[in-house]
Amino acid sequence: MGMNDILTLITALLIAWSCSLLGCFLVLRKVVMVGDAISHSVLPGIVIAYLISTKFDSIFILIGAAVFGVFTTFIIDFFHKKLKLQEDASIGITFTWLFALGVILIALFTDGNADLDQDCVLFGELGTSFLDKIIYEGRVYGTRSMLMILPVFIIVILFVIFGFKGLQIMSFHEEYAKSKGINISFWHYTFMSLVSITTVMSFESVGAILVVGLLVIPPATAYLLVTKLPSMLFVSCIVSSIACFLGYYLSFKLDVSLSSMIIVTAGIMFVIALIIKKISSNLQVKSNIK
Amino acid sequence: MNQKNSIEVHNLSVAYNKIPVLWDIDFELPQGKIIGIVGPNGSGKSTLLKAIMGLIPLSSGYTKIYDKELNLVRERVAYVPQRESVDWNFPATVEDVVRMGRYKPGKLFNRLSAIDKELATEAIEKVKLTQYKDRQIAQLSGGQQQRVFLARALAQGADIYIMDEPFVGVDVATEKTILDLLIAMKNEGKTVVIVHHDLQTVSDSFDYLVLLNTRLIAHGPTKEVLTDENLQATYGGQLNLLTKLQNIIKEKDFPIREKGFDDK
Amino acid sequence: MIEGITYFFTDPIAQKVILGIAIIGAVSGIVGTFSFLRKKTLIADAISHSVLPGICLGFMFVGTKDPIVLMAGALVIGWISVWLIDYLSSSTKLSEDTAIALVSTLFFAIGSVLLSVISKSQNAEQTGLKNFLFGKAATMTTFDIQVFTVTSIVIILIVIVFFKPFQLVCFNNEFAKSIGVKVKFIEFLLSTLTVMTVAIGIQAVGVVLMSALLIAPAASARYWTNRLSIMVVLAALFGMFSSVIGVMLSTMKNNMPTGPWIVFALFTFTLLTLLFAPKKGWFSIKRRNNSNQKKITEENLLKTFYQLKEDGNSEVSFHDFLEKRAVDTHSLERDLKRMVKNGFLTKKNKTFTLTESGKTEAARILRSHRLWELYLTKRMNFKEDHIHGTAETIEHLITPEIEQQLLKELDFPRSDPHNKEIPY
């Protein structure tokens, strides 16, 4: 395992953990598809910020695209509550349109520029991220991707740890929380903003489709297996970690796309968890009957 | 703080999707009693509770608790929503849920203190669920789940308890446990307001009643209120002019209350 | 620009593309209508993402982009994904949205892996496969179009034959079951149609944006009609026009994918609909609110005039009026002017007087108000100090029919709860 492998893996892990942690709450609050929508909708924000600043490290990318992400929830609400469109259609129309807008902007203004093309948008370029190292005084401090994700990961983990009770009560029983005077709007929009920011940061590495995979599959796997929320968060990270390592290894062995392989590996773990769950509940039923 | 009333509802109207669901509701409730809110399906009972708890917007009127606005006395009121308002597959144990009763707005970023945890444990004891405290909530029976909600409310240490259909889908033993608990609470001076569907239990255990069918039919001590005439008006199912007008309001998209109109 | 457009209709290659696109757009609109009504549009989105591995497998099987094989692959995997979503949401504690996102992403990832396997092979054919991601209508061959046409005809025939059961299942599942409709079979059929539509549609719009083609035409059509048959036709037309316009727009630059432009056109249609549709559109709702407001204001003013007359004041100045009822002076001036125009008032110097028709109308409203107050106290047990508010609202809604009923109910009373006379 060389330096490049380690760098790539660290990047993957940071993204995976951020997504698996936030994803647990998307699953529990049953708003996964809104998370899916956000991950698609940030694209035009990214493209516009890129066109304005012409480099990716700009903080404006982060802010602009994250704003777009939260904006998405407002647009969905607008269609659903003001224009009285049913919820699933509100979500579907919003994100497909915003995503299409992003692709059009890319096609019109970037002229096949390597940094931002359609493939990259969908699949990311985790596999080549190690090429962009940050070198200072002769020592490698990581890659550009890594340095973008690291602060986001730190914010996410701090939020999940310190905001645990708020996230927990909001996900379990929103109505009850509201009756206690807890500011649901604050928690909701802060959470969605974090999802947007994480999505944006992950975009370049794993692409749009696969961000959703990391947001859903590890949490869903954990959900099947555990009975307490802290465990769910922990197992979710374990699952996504294994997905990163195994996925990396397999993509290398089979010579296929890295980000896709990570998701497929996560999917395999989900299936295994599903089978375990089914077998154990069958056994339980049988022992109850005896 | 010695007001006569626990809860006051004045000129309350609530519309849902433009259809008036509660129409000019007006009553005061005493303290230290077990109060039932009774009426047929769709009569607005749950909506009334939600209006009192500030969970839905009002078309007109106001509610007061201990003669004050809800936000000033929130810690003194505990809300127990319907059991079905939660997905019981959520990864949490009985203890986890009851402890949520101790969460306070503005203090969510702090850890729970030892006192908080102690109060939660006591509440679990009061509802007789101590042996289940580490059990995942999906593995509980309906009656046990209801008791978890009640324990959560008790952990709050409130003075008024507002409960939405706590006896639905609950076994007889649990019903008795809960009822005994409510009577004990009443004897401690707490006020309990319950939306209930079964008239039999009502006449035995409730001190005070509110009969509701979109509009207020009657309210007062149980014996006075439970007359044939009142019951007929509540459950009779007559399609009166009010219902006709409800439909016109919806069709024409009419505002349920005129803008700039002030009630004395 | 004009030459550009005519090119589309004369050049044989362009004609072919337009035809293919139009068929896809129309069929998507039709099938999408049913998904929309059943609120299953996000499952359609999952199907769009899921078929990618099916297409890749089909390709790997025969080595060429044979549309029939690719479609077969898409169909099989599409069915599996629908079944899997249903299984996960009903047999595990996962909710439907989790199941949809999970299956959707996982299958897409598998498809991406297969795509990267295919890319490595030297097969020249495979270069076109990437077009399935965002759509490239220009790559459609005549054979493709033939396959689409046949598939579309099959789909349309099924819709026609099964229209009644589809309608029942969409609007009233329980009722359908109770009268013996084989709901499970119909749902399976609808899913199959969706999968088939996705299989042919992704060539135009691509995998990622296919769901837009299924949702947007149907959502737009819903705002124009309540009847299913009309909705289906409208959705077909919206889908068709958006697709054609989208393809035309995509030719503005070389190598542009068609998908996003079609979505763009779709969205424009939808937005225009949501704003301008009669009855349910935003502007329509605003207009209705305005006219309701005007009616309320006018009737309230008339009532006030009548009450002033009852007090003995027939020639009313601004000042008199404002003493009786406090309103905004600007709108008052405007409203009084309108009422003069409508013939309810006459203006003399600086005072206003009720005309005969004004008197009749005002009496009617006052009568409604007072009858209603009586009804509330006598029949509804309302307390006397709480009836005024409701009556102020209801008086504007009492139709002649309801008035008759009230009069009968209350036995033609002479005075209201406040002992004011009821004008007849």
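Domain bounds here come from an automatic or database domain assignment, and on that basis chain C is divided into domain 1 (2-277), domain 2 (284-354) and domain 3 (359-410). Please keep in mind that this is a predicted model, in which local features need pLDDT of at least 70 and side-chain atom pairs count only at pLDDT 80 or more, whereas totals for chains, interfaces and linings use all residues. Residues are numbered from 1 along each chain as its sequence is written, while chains are lettered from A and ligands numbered from 1 in the order in which they are written.

Let me stay with chain C for a moment. The C-alpha centres of domain 2 and domain 3 of chain C lie 21 Å apart, and 9 residues of domain 2 of chain C are in contact with 7 residues of domain 3 of chain C, where contact requires that the C-beta atoms of two residues, placed from the backbone, lie within 7 Å. On the domain 2 side, helix α14 (residues 282-310) of chain C gives the most, with 7 residues; helices (H or I, at least four residues) and strands (E, at least two) are DSSP runs, numbered from the N terminus.

Now to chain B, and to one strand in particular. How many residues of strand β6 (residues 160-164) of chain B are buried? The count is 5 of its 5 residues, with buried meaning that 20 or more other C-beta atoms, placed from the backbone, lie within 10 Å of the residue's own. B:Ile160, B:Ile162 and B:Asp164 point one way from β6(B), whereas B:Tyr161 and B:Met163 point the other way. As a general rule, the side chains in a regular strand alternate between the two faces of the sheet.

What are the neighbours of this strand? Strand β5 (residues 77-80) of chain B runs parallel to β6(B) and is joined to it by 4 bridges, and two strands count as paired if DSSP finds at least two bridges between them. Within that pairing, B:Ala78 has B:Tyr161 as its bridge partner. β6(B) also pairs in the parallel sense with strand β7 (residues 191-196) of chain B, over 5 bridges, and there B:Ile162 is partnered with B:Val193.

Finally, chain B also has an open sheet of 3 strands in the order β2-β1-β4, with antiparallel pairing. Its edge strands are β2 (19-30) and β4 (60-65) of chain B, each of which pairs on one side only. Strand β1 (residues 5-16) of chain B pairs with β4(B) over 5 bridges, and B:Glu8 stands opposite B:Lys64 in β4(B).

Notes
Buried ≥ 20, exposed ≤ 12 C-beta atoms within 10 Å, placed from the backbone.
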